[in-house]
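Biologist: I'm new to this one. Can you put it on screen and walk me through it?

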Amino acid sequence: MSYEKQKRFFQEAYQHGDKRIEKGYGWPLEVDPQLISFMKEIEELLKSGTALDIGCGQGRHAIYFAENGFYSIGIDYIESVIKEAKQTASDKGIDNVDFEVMDVLKLNFPRDFFDLVLDWSVLDHVKPADWNTYLSNIFKVLKSGGFLILTEFGANDERVKDKQENFCEDENHYDHYFRMDEIEELFGEYFEIIKTNETVIETEPKPHLMRNILLRKN
Ligand SMILES: C[S@@+](CC[C@H](N)C(=O)[O-])C[C@H]1O[C@@H](n2cnc3c(N)ncnc32)[C@H](O)[C@@H]1O
């Protein structure tokens, strides 16, 4: 299944550099406060180790993990943004983070390599036909007892709330607005769902309602 148009969308977004948000590509630049709160919650169990930030974009969260005791790796399928993330880490003098161009649907790390995996708004751009590939890739690289943090578009977002379908497909660009029963069905057999909540991300023209989920691999 092709994601070429979607890739072009992200490529164009990152070409705007500093102006990305004002050009309407609105995911934030700062570390998500909800992620910080989940990390506090699991702090007693996980203070250091290996972290993977999939679809890391400019690297805000991979760098945050590295600054907070982890060896972290960020992957994204857009080459230019991986270059940018590497430069940011190097400008900050951080050497316990690496960035690689990689597609999450072709994830290539050793089995049981990571203690923590973050997906901040990537699965919501993966088509349901590819969810099982996504799941088995994450499952393979995450240690047993490791944590998975998801922040994805939520089904209570007004874009889909009163509609029959909880996804929007525009040629090859795919946005999925997750209901909790879908998360349970996909992850429930292999993960414990520890906590979930919703937060709002201020984007133009309308805010996005995000579904945040903290999971632990059985
Ligand atoms: C909404 S952005 C979020 C970026 C980043 N997670 C953050 O929080 O700033 C989604 C990111 O996922 C990346 N992405 C989408 N599908 C991907 C895939 N199959 N493999 C790797 N990266 C992907 C995009 O290039 C983009 O950088």
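Biologist: Where does Glu171 sit?
Modeller: Glu171 is in the loop between β6 (167-170) and β7 (173-176). Strands are DSSP runs of E, at least two residues, and helices are runs of H or I, at least four, numbered from the N terminus. This is a predicted model: local features need pLDDT of at least 70, side-chain atom pairs count only at pLDDT 80 or more, and totals for chains, interfaces and linings use all residues. Residues are numbered from 1 along each chain as its sequence is written.

Biologist: Is Glu171 buried or exposed?
Modeller: Exposed, because Glu171 has 8 other C-beta atoms within 10 Å. The cut-offs within 10 Å are 20 or more for buried, 12 or fewer for exposed, and partly exposed in between, with C-beta atoms placed from the backbone.

Biologist: How far is Glu171 from Gln6?
Modeller: They are 165 residues apart in sequence, and 9.0 Å apart in space, C-alpha to C-alpha.

Biologist: New topic. What surrounds the ligand?
Modeller: 18 residues do; the closest are Phe10, Gly55, Gly57, Tyr77 and Trp120. A residue counts if its C-beta atom, placed from the backbone, lies within 6 Å of the molecule.

Biologist: And Ala129, where is that?
Modeller: Ala129 lies in the loop between β4 (114-120) and α5 (131-141). Ala129 is exposed because it has 8 C-beta neighbours inside 10 Å.

Biologist: How many helices and strands does the chain have?
Modeller: Six helices and nine strands.

Biologist: How much of the chain is buried?
Modeller: Of its 218 residues, 34% count as buried. The C-alpha atoms fill a box of roughly 45 × 40 × 30 Å, taken along the principal axes.
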